[in-house]
Amino acid sequence: MTVTVLFSAGSERFEVYEHPLAKALAQAGVPARLVLDAPPAAVDYIVFAPGSAITDFTPYTRCKAVLSLWAGVERIVDNPTLTQPLCRMVDRALERGMVEYVTGHVLRHHLGMDRFVNRPLDGWGHAVPPLASERPVGMLGLGALGQACAAALRALGFPVLGWSRSPRLVDGIACHHGASGLAEVLSQAQIVVTLLPRTPQTEGLIDAQALARMPRGAVLINPGRGALIQDAALLAALDSGHLDHATLDVFRTEPLPGDHPFRHHPRVTTTPHIAAATRPATAAGVIAENIRRGEAGEPFLHLVDRARGY
Ligand code: NAP
């Protein structure tokens with residue numbers, strides 16, 4: 001039977017997703033009709049992204065799953081009308097994008113590129129950067145993205161301390177959890193990367209107390225979510241010199257307003273939420289596989305735990 005897949009992730013995105021999705025569904029052996037609009041009661045699956053016109057899922061009585069194109073689902077997860085299973089995006093290309101962003105920015109700060117590049121005369125007498133093995137990195141979040149980044153940093157020689165909600169065992173990573181675990185990671189890591197979802201528990205996690213735990217001269221890299229950070233506390237830590245630098249890809253308001261103090265702060269680097277994009281060529285395969293599973297009565301992949309919020 002032909003399934004109706006409603007693409008509710010923006011008509012401009014439909015242009016780039018239509019062909020890869022149709023191809024992936026055909027490869028998965030699912031006869032499907034991909035549409036931008038349909039009567040709600042006729043829809044079998046919804047492909048979703050923030051900005052979707054759907055705010056009330058109640059009329060989608062036949063819908064078997066809502067499939068997010070984004071890894072972060074904080075803008076849909078607490079929608080009370082959503083009773084259908086919600087799956088998020090976990091994809092190798094997304095992971096590789098994040099690994100490249102995180103390793104690039106960690107190496108920039110580790111090597112002191114801003115300090116040393118194109119300064120052939122000023123450099124004499126400066127301490128050379130330590131080796132990676134002498135630079136502990138903290139990874140807050142040990143999920144799909146955090147683990148991939150931790151493994152890449154470990155392969156470069158950095159000692160990596162990880163932190164997650166539940167206890168984790170990850171090869172080569174010193175894993176911690178709970179409040180005392182967070183304190184341990186923050187106090188040891190000279191570079192901290194935040195790859196946590198936005199949930200009521202992680203909102204404002206990087207506050208004045210957390211920042212004070214980090215060693216003087218530490219660097220914060222946040223490609224997770226803007227709300228993980230208390231902006232005023234971060235600015236105070238940077239202004240006092242306690243923190244050397246913050247590299248931020250995500251913000252409480254996006255795009256980052258032109259008058260936000262992060263914009264021109266000498267110790268802040270901003271990027272416009274580009275750390276890791278969902279790439280249609282591979283993401284289409286993830287969506288198609290879940291639709292195939294739904295049709296075969298198999299469990300969905302990457303199901304969001306609605307109570308946990310991620
Ligand atoms: P994930 O697989 O769901 O992993 C989330 C990790 O965070 C898990 O290790 C989880 O702990 C941990 N965590 C959640 N709540 C916690 C808490 N209260 N205390 C401690 N640890 C907690 O997510 P992911 O795929 O790695 O993605 C992480 C986030 O990256 C996304 O939610 C999104 O916000 C962000 N992201 C950003 C971009 C970008 O371009 N900037 C792109 C994609 C994603 P457990 O292991 O115990 O569950």
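The backbone oxygen of Glu100 lies 3.4 Å from a polar atom in the side chain of Thr103. Such a polar contact is a pair of N or O atoms within 3.5 Å; within protein, one must be able to donate a hydrogen and the other to accept it, and residues adjacent in sequence count only if both atoms are side-chain atoms. The model is predicted: local features need pLDDT of at least 70 and side-chain atom pairs count only at pLDDT 80 or more, while totals for chains, interfaces and linings use all residues. Residues are numbered from 1 along each chain as its sequence is written, and side-chain values use heavy atoms, with hydrogens and water left out.

Thr103 is part of helix α2, residues 92-110. Helices (H or I, at least four residues) and strands (E, at least two) are DSSP runs, numbered from the N terminus. With a relative accessibility of 13%, Thr103 counts as buried. Buried means under 20% relative accessible area, exposed means over 50%, and partly exposed lies in between (1.4 Å probe, protein chains only). Leaving aside residues up to four places away in sequence, Thr103 touches Ala152, Leu153 and Leu156, where contact means heavy atoms within 4.5 Å.

At the level of the whole protein, the domain assignment gives domain 1 (3-91 + 278-296) and domain 2 (94-270). These bounds come from an automatic or database domain assignment. Taken over C-alpha atoms, the centres of domain 1 and domain 2 are 33 Å apart. Domain 1 gives 10 residues to the contact, and domain 2 gives six residues.

Next comes the ligand. The shell around the ligand draws at least three residues from each of domain 1 and domain 2. There are 29 residues around the ligand, and Arg88, Leu142, Ser166, Arg168 and Tyr310 come nearest; a residue is near a molecule or strand if one of its heavy atoms lies within 4 Å of it. By type, the shell divides into 14 nonpolar, 10 polar and five charged residues. Here Ala, Val, Leu, Ile, Met, Phe, Trp, Tyr, Cys and Pro count as nonpolar, Asp, Glu, Lys and Arg as charged, and the others, Gly among them, as polar. Helix α4 (144-155) and strand β7 (160-164) each supply at least two residues of the shell, and the largest share, three residues, comes from α4.

A backbone N or O atom of Leu145 lies 2.8 Å from an oxygen atom of the ligand, and a polar backbone atom of Gly224 is 3.4 Å from a ligand oxygen atom. In the case of Asp249, an N or O atom in the side chain is 2.9 Å from a nitrogen atom of the ligand. Taken alone the ligand exposes 940 Å², and the protein buries 93% of that.

The backbone has some features to look for as well. Most residues other than glycine have a negative phi, and most peptide bonds are trans. The peptide bond from Glu254 to Pro255 is cis, with omega near -5°. Pro255 sits in the loop between β11 (243-248) and β12 (268-270). His273, in the loop between β12 and α8 (280-296), has a positive phi near 50°. Its relative accessible area is 29%, so His273 is partly exposed. His302, in the segment after α8, has a positive phi near 60°. His302 is partly exposed because its relative accessible area is 28%.

Definitions and conventions
Areas by Shrake-Rupley, 256 points an atom, 1.4 Å probe, with all protein chains shown as cover.
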